[in-house]
Amino acid sequence: MNKTIRRASVFTLLLVLALLGRATWVQFYDGRALADDKDNRRNTIALYSAPLGDIIVGGKPVTGSARTTGGDLAYKRTYRDGSLYSAVTGYSSQAFGATQLEGVYRDLLDGTDTRLNGVLDTVTNKRSDPGNVVTTIDPAVQKAAYEALGDKKGAAVAIDPSTGRILAVASTPSYDPTAITTGDADAWKALTSDPDKPMTNRALRQPLPPGSTFKLVVAAAALEDGLYQSVDEPTDSPDPYPLAQSSDELTNENPSAPCEDASLRVALQYSCNNVFASVAVDLGQDKVRAMAEKFGFNDDKQDVPVRAYESVYPTGMDKAQTALSGIGQFDVTATPLQIAMVSAAIANGGKLVSPHMVAQITDGNGDVLEDYDDGAGSEEIVSSRTAEQLQSAMQTVVEEGTGTNARIAGATVGGKTGTAQHGEKNSKTPYAWFTSYGKADGKEVAVAVLVEQSNAARSEVSGNGLAAPVARKVMEAALRG
């Protein structure tokens, strides 16, 4: 072989090797990227080529799949009582993706989760039958929360304190996910442009100032720190409370309430701003923050398993700002889930069990793939003695204080009202809050309710007037079915 032919052969061989290398790269790397591209229509076709698995509430599916009558997508997602459960399920849309439990467990529900693969499926690369998501939601409690909120803009969360099971997650106004499952552009535009934001999960994903419900956290910090030994010990709290480095004074909603130097019990009973502003300053922002964080504030990875938005206790405050933070104002924000967690820990003897709204996930035959143990992740937030004292003080709030609308005959109920300022200099309608726990006949539940907006006159907006009646109905459903 002469030199020219040999060089041409080597060059040709190099070209062939380069071509094979490029083909391999495209097939196994670029090909995978193209296959996984969100704009690859084949993925959507595969996703909806067969019925999806279901989300189960109370032993029955609240989702389904139905045959389509045209196009290249064989099935579409359907929902039973979609508006009632949208804050739990989220949506699965052919055009707009998936959210909430639909998004978290998408691989399980469409059959691509590797845990669903049998031996034959692995060999043949066949898509497995889809699995199901079994929730902890109690349909009676969920319905009570949704119906009690009615036409109010707000949210409610109910938790079993001893197990961490989330029994209800309601957000209003709501929407029916069925309207957008096939990618209806007009329906999507109507929902996303609605000023009331019906697709916002207010229970998990809209932190707002918690107002006086945060006083429970401050009271817990005062008792745990030893600033006060008992909820019945007088505090050192002038009324009105002078804000440091300011000519402003912090007053109380009820000027005739016995708030000067009031005990923590009386201060919770009458929701005395001066007491909790004074206590927060005496403790200092670091100690209050430490207690808030034990309850779950400032946690940006709070998964239930849907990720809840972070509830915040701020840093870098001066004394006046620390005082305002003690009454749940300034830059303090919380979700209804977070405030329900506060009541749940107090009701459970000071121990907070990780809240969760999925009990287990199963394959298509009902065999359990993963079981989420009730009671897992239990952490002592406050001592049992502190919890008992706070329970007692919360009961006083309901029996003879600002939370009388939460009373339930034959049940032990403790609660705390909250009315949070909204807008610059409280120029907008305040937020109404109520957090509580109820115990009866061996059952217990912790509830938080937020009413962001209602048709009530501004003078009638209060935690007891708007939110406590909702909490009462939720507790009744949980305790008595």
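Helices (H or I, at least four residues) and strands (E, at least two) are taken as DSSP runs and numbered from the N terminus. The structure described here is a predicted model, in which local features require pLDDT of at least 70 and side-chain atom pairs count only at pLDDT 80 or more, whereas totals for chains, interfaces and linings use all residues. Residues are numbered from 1 along each chain as its sequence is written, and side-chain values use heavy atoms, with hydrogens and water left out.

The protein chain contains 17 helices and 20 strands, and its C-alpha trace spans about 105 × 55 × 40 Å along the principal axes. Of its 481 residues, 50% count as buried, where buried means under 20% relative accessible area, exposed means over 50%, and partly exposed lies in between (1.4 Å probe, protein chains only).

Helix α1 (residues 3-36) includes L17, which is partly exposed with a relative accessible area of 47%. Together with V10, L13, L14, V16 and L20, L17 makes a nonpolar surface patch of about 550 Å². Such patches are made of residues with over 30% relative accessible area and no salt bridge, like charges being joined within 9 Å and nonpolar side chains (Val, Leu, Ile, Met, Phe, Trp, Tyr) within 5 Å; the accessible areas come from the Shrake-Rupley method with a 1.4 Å probe, and for residues only the protein chains shown count as cover.

Two packed helices are described by the angle between their axes and the distance between the axes. Here the axes are lines fitted to C-alpha atoms, for helices over the stretch in contact, with angles running from 0 to 180 degrees between N-to-C directions. The axes of helix α10 (residues 215-225) and helix α13 (residues 285-295) come within 9 Å and cross at roughly 110°, so that α10 and α13 are roughly perpendicular to each other. The axes of α10 and helix α16 (residues 384-400) come within 10 Å and cross at roughly 140°, which makes α10 oblique to α16. In these terms, angles under 35 degrees count as roughly parallel, over 145 as roughly antiparallel, 65 to 115 as roughly perpendicular and the rest as oblique. The crossing of α10 with α13 is right-handed, and that of α10 with α16 is right-handed; a crossing is right-handed if the near helix is turned clockwise from the far one by less than a right angle, and left-handed if anticlockwise.

The structure holds 13 salt bridges, each defined as a side-chain nitrogen of Lys or Arg within 4 Å of a carboxyl oxygen of Asp or Glu. In one of them, the side chains of R77 and E102 meet at 2.9 Å, N to O. This pair links distant parts of the chain, with R77 in strand β4 (residues 75-79) and E102 in helix α4 (residues 100-104), 25 residues apart. Between D300 and K301, the closest N and O atoms of the salt bridge are 3.7 Å apart, D300 being partly exposed at 46% and K301 exposed at 55% relative accessibility.
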